[in-house]
Structures are given as C-alpha cells and as structure tokens.
Amino acid sequence: MDQINTKNMSDRQLFEAMLKQLVQLNTGFEKLDKRVGQTVTGLYAVQDRVHLAELRDNVVEQRDRNYACRFINFWIPVELLEGPKPQRAACFWLYKTFIVPAFEEAMRVHGDMVKRVPDFLDIWDAGHEVPVKNHPDNEAFPFIFKFTSRGYLDMFLEFATSLVVKHNDETGDSITIRKDLTAVNRTCMSRLHTFTTDGNVQDYWITGTTIKFTYKKRAGEDPNKKSKVFQVNNPFALTP
C-alpha cells in the first residue's frame, strides 16, 4: 500500500486518499479471507479423505481377522514351550482340548451338515501369542487361533462357550474365547457394552466386518415386536 503524501493536500483530497487506501485494505482482507476459506475447505477435504482411508483400513484389517478368535487367559503349557515350534504346538493343544469336542457336538446337533471332525491341518491356518505393551506379568498374552474359513470358526464358536466353562470348572483355569477384532472395533464393542448397562442399547454383535446393535424397548412397546437392527458406520465415533 502506497504511503500518503499529505503535503499541499486539501482536506477533501486527504479524505479521498485515505478512503482509497481503506478500500484497498478491505479488498486485501477479502482476498485473504477467501484464501483462508479455501485453505480451511481444503483441510476439511483432506481430513475427510484421511477419515475414509481409516475406515477402509479398519474394514480391511477386520476382514483379515474374520477367520480368527482370541483365547484369553490361556497359558501355553510349559512342556510345549520347550519344544521346537511352541506356537503350532499350542494351536494343536487348543484343537484337541476345545475344537475337537466342539465339532463332535456339532456332529450330534447338525449331523446333516457336519459329517466328521476336521483334521487339524484342514482347520488350522495360523496361531500365535499377541504381545501387549505394559501387560501384567500374572496375565497371559492373548492367543490367536486362525481357522481356514469363517464357517469353521462360526461352527466352533456355536459350541465353544459351554466347553470352555466345563474346562475352567475342571481345571481352575479362567480361559475365555472372543472373536478377533481390530483395536478400533474392540473399543467400539466395549463402549456398546457400557451402553447396554448405562444406556439404551439392548444387544450388540459383529457380523463379518460390520458392528450391529439394537435399542432397548421403550415403556409400552410390544415386547414381542422384533427390534430394528442398526449398523455402526463409523466405529471411530465410539472411540474415546
């Protein structure tokens, strides 16, 4: 902006010169405001793209985990740790202890569908402990058992709970089994669990890569009416 030379200027000329500079200044502010607006809009667009990428990554990661479950509080027997492949040996121990009895029960209940107990190498894809930072020394690391198909996993989980309860009662162990979820989905499910006790959520579950839930029925609502199922489109929204 040019400096005003007030020498030999009348009041009117001075006023016009100052007014001109104010107009120029205002125009500059408008251009700056426009550039700032464009920058903010661009940042929002980048943020949206990053968020969509995060959602996509979470779906892809969960899809990779869809064939697996987690054994919580499972201590690998000492004799297996001393062997050449302790992780595989631990998977075979879980297979004999829980999976074989589950499929024996599946044959009894679903005889038209399940004709035999699958061999270990037919059903097992991978398995390993999951190291966790700052994990208490008196707690076992979560152990992942990955099946070769979601059908095998779903059939196992249908009968696993009662078998684990029986095993814990007989041995004093405290093993539990859960689906293998991403960190984001685990947090989301934990929040939904809180909402079942302190909020309006009736039930929640995950199907494939999708988290779903139902609301508790309101007073006066028909208890026999089927609850509408809602889907969590953004699990990050439930992550504190």
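**View 1. Strand β1 is covered on both faces.** Ala68, Arg70 and Ile72 lie on one side of β1, with Cys69 and Phe71 on the other, and all are buried. Buried means under 20% relative accessible area, exposed means over 50%, and partly exposed is in between, with a 1.4 Å probe and protein chains only. By that cut-off, 5 of the 5 residues of β1 are buried. Strands (E, at least two residues) and helices (H or I, at least four) are DSSP runs, numbered from the N terminus. This is a predicted model, in which local features need pLDDT of at least 70 and side-chain atom pairs count only at pLDDT 80 or more, while totals for chains, interfaces and linings use all residues. Residues are numbered from 1 along each chain as its sequence is written, and side-chain values use heavy atoms, without hydrogens and water.

**View 2. Four strands form an open sheet.** The strand order is β2-β3-β1-β4, with antiparallel pairing. Two strands pair if DSSP finds at least two bridges between them. β2 (124-129) and β4 (176-179) are the edge strands, and each pairs on one side only. Neighbouring strands are turned by 20° against each other on average, direction ignored. Axes here are lines fitted to C-alpha atoms, for helices over the stretch in contact, and angles run from 0 to 180 degrees between N-to-C directions.

**View 3. β1 pairs with β3 and with β4.** Strand β1 (residues 68-72) runs antiparallel to β4, and 4 bridges join the two. Ile72 has Thr176 of β4 as its bridge partner. Phe71 stands opposite Ile177 in β4. The pairing of β1 with β3 is also antiparallel, over 4 bridges. There, Ala68 has Lys146 of β3 as its bridge partner.

**View 4. Helices α3 and α5 lie across the strands.** Helix α3 (residues 86-109) lies across β1, β2 and β3 (143-147). It runs at about 75° to β3. Helix α5 (residues 150-171) lies across β1, β3 and β4. The angle of α5 to β4 is about 155°. Contact means heavy atoms within 4.5 Å.

**View 5. Helices α3 and α5 pack against each other.** Their axes are 8 Å apart, at an angle of about 110°. The two helices are therefore roughly perpendicular. Angles of 65 to 115 degrees count as roughly perpendicular, those under 35 as roughly parallel, those over 145 as roughly antiparallel, and the rest as oblique. On the α3 side, the contact includes Trp93, Phe98, Ile99, Phe103 and Glu105. Among the α5 residues that they meet are Tyr152, Met155, Phe159, Leu163 and His167. The contact residues divide into 14 nonpolar, 2 polar and 1 charged. Nonpolar covers Ala, Val, Leu, Ile, Met, Phe, Trp, Tyr, Cys and Pro; charged covers Asp, Glu, Lys and Arg; the others, Gly among them, are polar.

View 6. A disulfide is a pair of cysteine sulfur atoms within 2.5 Å. By this rule the count is 0 disulfides. Cys69 has a relative accessible area of 0%, so it counts as buried. Cys91 is also at 0% and counts as buried.

**View 7. Asn73 has a positive phi.** The value is near 65°, in a residue other than glycine. Asn73 sits in the loop between β1 and α2 (78-81). Its relative accessibility is 27%, so Asn73 counts as partly exposed.
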